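Hi everyone, thanks for coming. I've got a few minutes, so let's just look at this one together.

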Amino acid sequence: MERHFDEELNNLKKNILKMASLVDESIAKAIKSLLERKEDLAIEVENEDNAIDMVEIEVDMLCLDLLARRQPIAIDLRFITSVMKINSDLERIGDLAANIGHKVQILLKYPQLKPLIDIPRMAELVRAMLKDSITALVDKNTELARNITARDHEVDELYVQVFREVLTHMMDDNENIKNGIELILIAKHLERMADHVTNIAEDIVYMVEGKTIKHQFEP
Amino acid sequence: MSDEIRIVVKNFNAYYGEKHALKNVNIDIPANKIMAMIGPSGCGKSTFLRSINRMNDLIENFKVDGQMMIDGNDVYDKTIDVTSLRRRVGMVFQKPNPFPKTIYENVAYGLRVNRLFKDNKELEHKIEKSLVEAGLWEEVKDDLDKSAFELSGGQQQRLCIARALVIQPEVILMDEPTASLDPISTAKIEELIQVLKKDYTIVIVTHNMQQAARVADNTSFFMLGELIEYDVTSRMFTKPVKKITEDYITGRFG
Ligand SMILES: Nc1ncnc2c1ncn2[C@@H]1O[C@H](COP(=O)(O)OP(=O)(O)OP(=O)(O)O)[C@@H](O)[C@H]1O
Ligand SMILES: [Mg+2]
């Protein structure tokens with residue numbers, strides 16, 4: 001039976017997808033501004049975070065409204081509470097992307113430290129994970145969601161690699177310390193993004209199966 | 001559900017003539033807990049409830065088999081005294097059904113027919129106590145001689161609960177007790193039910209999913225005479241095991 005409520009849930013789904021695609025664009029732009037050394041793009045990313053925050057609030061209000069009016073239970077309840085958590089993880093990812101935009105503006109004051117290889121790879125990985133997590137949400141695909149949590153390690157490893165490499169440059173020459181630190185922080189931001197996407201994937205597994213896989217707790 | 005079990009139901013069947021209304025029901029109902037029964041209209045909830053205190057005995061062609069035990073005693077044992085069974089298992093119905101008597105006499109009734117008091121002082125004391133328990137005392141204490149029909153629907157329902165409580169049953173059966181009440185009276189009854197479980201075992205039929213979720217410790221889901229799922233309420237309403245349960249409680253059914 002098609003319920004009126006389903007329309008409202010679909011509308012909520014649309015909004016969380018919109019949130020995800022805004023966040024994804026932000027990551028892409030932030031990394032592009034870094035690679036192509038485009039200050040205007042970096043400023044744009046930093047400013048656009050407001051728009052993401054607005055959608056976050058909108059999604060939150062929608063969830064609260066549905067909780068109050070529909071008093072959802074079972075799958076409906078799990079869906080809405082998961083969306084609330086996913087929403088806040090997406091917002092955090094958006095913040096991190098905006099912050100990268102800010103750091104890029106600082107970095108551009110210095111000459112390029114080294115050719116960037118691992119950082120764009122990290123960004124690609126994060127974006128692919130994010131894209132899959134949204135597919136997993138739409139299709140209720142827990143296999144895909146579990147796969148995302150496994151990929152988090154790849155991003156962690158790349159971060160360690162970036163850290164070591166930049167550290168070497170900084171030890172070679174004091175002049176590299178200021179921009180080196182910004183680069184490490186950018187990589188750290190990407191690593192944190194992957195953690196948030198992992199949270200999202202875990203929430204999806206909970207939503208679909210009612211099982212908690214957070215904190216390595218897979219019963 | 002590792003509690004003390006008050007009612008044990010094993011391979012229980014009920015028939016109205018050819019109509020097989022309860023099909024091989026197995027269920028343990030813990031003492032001092034609230035069990036909600038949910039399920040579509042005609043699934044056998046009332047039949048089950050009325051089988052617990054043999055309210056269906058009077059219906060022609062009604063038959064049961066299997067076991068229905070309260071505290072180890074078979075409810076359908078031929079030697080059992082049905083009147084004393086009903087003393088131990090009280091019932092509250094969907095529509096408040098006070099007797100056409102005073103408020104006082106409505107509550108006194110059960111005490112009088114069962115001769116459960118020594119003198120007038122004890123009678124009065126018991127009546128006051130159960131009206132207090134039912135959360136009605138403050139509203140009626142100056143009007144005990146008024147007709148029960150002068151009370152509002154919600155007050156009448158609490159009067160019926162007081163009437164059920166006064167004979168100190170062990171089990172209270174409630175068949176949609178708030179179906180005809182406004183939200184405030186409903187909230188009062190729900191609060192009351194949760195206070196009462198300290199002293200009673202409560203089985204409540206409700207069509208309101210949120211009501212079951214709010215008040216019940218355990219919830220059972222029936223369909224077409226069968227018990228489909230039975231679990232602690234929080235699990236039933238967050239992640240039921242069966243798809244059909246989830247479809248029913250979220251209103252995706254049919
Ligand atoms: N006195 C009766 N004679 C014959 N059949 C009956 C009788 N009472 C109930 N039934 C049948 O037994 C089945 C179960 O009825 P029951 O009243 O237990 O359902 P219910 O779950 O309480 O429904 P509702 O939610 O509508 O109150 C139904 O198919 C009903 O038609
Ligand atoms: Mg009924």
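**Around the ligand, then across the chains**

Let's start at ligand 1, where a polar side-chain atom of B:Tyr16 sits 3.5 Å from one of the ligand's nitrogen atoms. Keep in mind that this is a predicted model. Moving on to oxygen atoms of ligand 1, B:Ser41 has a polar side-chain atom 2.4 Å from one, and for B:Lys45 that distance is 2.7 Å. On its own, ligand 1 has 630 Å² of accessible area, and the protein covers 64% of that.

So who's in the shell? There are 14 residues around ligand 1, and the closest ones are B:Ser41, B:Gly42, B:Lys45, B:Thr47 and B:His207. Strand S2 (19–30) and helix H1 (45–52) of chain B each bring at least two residues, with H1(B) giving the largest share, three residues. By class, you get six polar, five nonpolar and three charged residues in that shell.

Okay, now the two chains. Here 13 residues of chain B touch 15 residues of chain A. The buried area between them is about 1,100 Å², and carbon and sulfur atoms give 50% of it.

On chain B's side, helices H8 (209–215), H9 (233–238) and H10 (243–249) each supply at least two of the touching residues.

Conventions:
Residues numbered from 1 in each chain as written. Chains lettered and ligands numbered in written order. Predicted model: local features only at pLDDT ≥ 70, side-chain atom pairs only at ≥ 80, totals over all residues. Heavy atoms only, no water. Contact = heavy atoms within 4.5 Å. Buried area = accessible area lost by both parts, 1.4 Å probe. Helix = DSSP H or I, 4+ residues; strand = E, 2+ residues; numbered from the N terminus. Near = heavy atom within 4 Å. Polar contact = N/O pair within 3.5 Å; in protein donor to acceptor, adjacent residues only side chain to side chain. Areas by Shrake-Rupley, 256 points an atom, 1.4 Å probe, with all protein chains shown as cover. Nonpolar A, V, L, I, M, F, W, Y, C, P; charged D, E, K, R; others polar.
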